[in-house]
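Reader: I should like to work through a protein model feature by feature. Please give the general idea each time, and then the case at hand.

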Amino acid sequence: MPGMENPIQFVQWLRSVAPYIHAFRGKTFVVAFPGELVMAGALPVLAQDLSLLHALGIKVVIVHGSRPQVEEQMALRNLEGKYHNGLRITDAAAMECAKEAAGELRLDIEAAFSQGLPNTPMAHAAIRIISGNFVTARPIGVIDGIDLEFTGVARKIAYETIQPILSAGGLVLLSPLGFSPTGEAFNLAMEDVAVAAATALHADKLIFITETPLMTDADGRPVHELTAHQADVLLRSDALPADTAFYLRHCVKASRGGVPRAHIVPFEMDGSALLEIFTHDGVGTMVSTENLETLREATIEDVGGILKLIEPLEADGTLVKRGRELIEREIEYFSVIEHDGVIFGCAALYPFPGEKMAEMACLTVNPEVQSQGDGERILKHMENRARAAGFSKLFVLTTRTAHWFLKRGFVMATVDDLPRDRQRIYNWQRKSQVLIKQL
């Protein structure tokens, strides 16, 4: 491949994203972005990235914001914006500005998705983007004695019209405007429309691509993952900047509405949406309905994931070759650690009840996430499994990683210290070191 500096790295990367591609095909993502993204000139690149998601079989609904564009239109008319609790008070003149801004943005977005230049991600894309009166709204009304006039909230999303468009291969575009059954138009918050759409469409992901930087905790550490409950606690602490808190509140609302994953991703980084979706830790903050990383006993459905994980280590001789049939037969001995449906680690526990000993074998963690403590978590899990089954000793046989086990309380032993049945099948050619730990 001409011009490619590291083809091996490219192949490894492509293989690493395959599980996500399989998992996301046919799923619905609602992607929302503020008017600031368009002002920053980032729309053409975002259109390319969303077109790639579309090409991978993901159904994409786009929601755009328009705050700076509305401000621009108001400045042209010498009008001053009025706000209450962070919401625009939309009088008749401001409503005209909102319509003007939304119309212009819609055309810009349609143009961005019509790119088809050779040697760009948009070549051969031929994407059709559909917009319409899909959002029914109502006025917010009077809050604290202040009438917000034409500022509204989404009441219903026409999911029964949107679904067939997505199934036919179209993208759907929603503007921050809604319409009432009496024919009035209302100015809506982009975040409100996005949450309403994600909830109504039973979307698998809601992704806010934002002007805000990556969320950090009180100590300045990046916050990559939160449950809805943890996000609630963080919001109550008042430690977040107002804009970030506004996005996070809407993520929590989406989560409570049944959206499994809601993301806040800064648009400052090129390709941030792709990095968030297709890498293990992402580059933004994800709010989930529950903790995504689970450590559990394996089932027959995990065989493929285990094989994919251990094959490279079998190939270089670190692990003994097993094969699908053997793993299927022994699946009850395995435990796995998975993150968002992808298996990142495993180990097996083989019982020798006569001597009250158990062997831990096949301890593997994906190289991409090593050094994050997953190996240690699996080891503790297997120790607990062994104790619960009444074993007093845990042993491992290894040719490469004896030092790792020694640091964790194992001691060097000999083949004679193994259970008699295990001694009989010890592979003298591999000359594995024997390490034992008292439980």
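Author: Helices (H or I, at least four residues) and strands (E, at least two) are DSSP runs, numbered from the N terminus. By that rule the protein has 15 helices and 23 strands. The model is a predicted one, in which local features need pLDDT of at least 70 and side-chain atom pairs count only at pLDDT 80 or more, whereas totals for chains, interfaces and linings use all residues. Residues are numbered from 1 along each chain as its sequence is written, and side-chain values use heavy atoms, with hydrogens and water left out.

Reader: What share of the residues in the protein is buried?

Author: Buried means under 20% relative accessible area, exposed over 50%, and partly exposed in between, with a 1.4 Å probe and protein chains only. Of the 439 residues in the protein, 47% are buried. Accessible areas come from the Shrake-Rupley method with a 1.4 Å probe, and for residues only the protein chains shown count as cover. The accessible surface comes to about 21,600 Å², and carbon and sulfur atoms hold 53% of that surface. Along its principal axes, the C-alpha trace spans about 90 × 55 × 40 Å.

Reader: How should contacts be read along the sequence?

Author: Contact means heavy atoms within 4.5 Å. Among contacts between residues at least 6 apart in sequence, 69% join residues at least 24 apart.

Reader: Where is Leu174, and which residues does it touch?

Author: Leu174 lies in strand 10 (residues 171-174). Leu174 is buried, its relative accessible area being 2%. Not counting residues up to four places away in sequence, Leu174 touches Val61, Ile62, Val63, His64, Phe134, Val135, Ile162, Val193 and Ala197. Between the C-alpha atoms of Leu174 and Thr216, 42 residues apart along the chain, the separation is 30 Å.

Reader: Is Ser288 buried or exposed?

Author: Ser288, found in strand 16 (residues 285-288), counts as buried because its relative accessibility is 1%. With residues up to four places away in sequence not counted, its contacts are Leu226, Thr227, Ala228, Ser255, Pro260 and Arg261.

Reader: Which residues does Asp204 contact?

Author: Asp204 is placed in the loop between helix 7 and strand 13. At 24% relative accessibility, Asp204 is partly exposed. Leaving aside neighbours within four places in sequence, Asp204 is in contact with Lys27, Thr28, Phe29, Val259, Pro260 and Arg261. Pro260 and Arg261 are also among the residues that Ser288 touches.

Reader: Which residues other than glycine have a positive phi?

Author: Among them is His202, with a phi of about 50°. His202 belongs to the loop between helix 7 (190-200) and strand 13 (205-210), and His202 is exposed, with a relative accessible area of 66%. Another case is Glu149, whose phi is near 55°. Glu149 sits in the loop between strand 8 (146-147) and strand 9 (152-157) and is partly exposed at 34% relative accessible area.

Reader: How is the length of a helix checked, and what of a bend?

Author: The expected span of a helix is 1.5 Å times one less than its number of residues. Helix 11 (residues 303-315) has 13 residues and should therefore span 18 Å; its end C-alpha atoms are 18 Å apart, in agreement. The bend at a residue is the angle between axes fitted to the seven residues ending there and the seven starting there. Helix 11 bends by about 35° at Leu309, and Pro312 follows within four residues.

Reader: Which residues of helix 11 are buried, and what covers them?

Author: An α-helix has 3.6 residues a turn, so residues three or four places apart point the same way. In helix 11 the buried residues include Val303, Ile306, Leu307, Leu309, Ile310 and Glu314. Their cover includes helix 12 (324-330), strand 18 (334-339), strand 19 (342-352) and strand 20 (357-365). Just after helix 11, Gly317 takes a positive phi of about 85°.

Reader: What is the corresponding account of helix 4?

Author: In helix 4 (residues 67-76), the buried residues include Pro68, Gln69, Val70, Gln73 and Met74. Helix 2 (35-39), strand 4 (87-88) and helix 5 (92-112) are included in what covers the buried residues of helix 4. Asn78, with a positive phi near 60°, follows helix 4.
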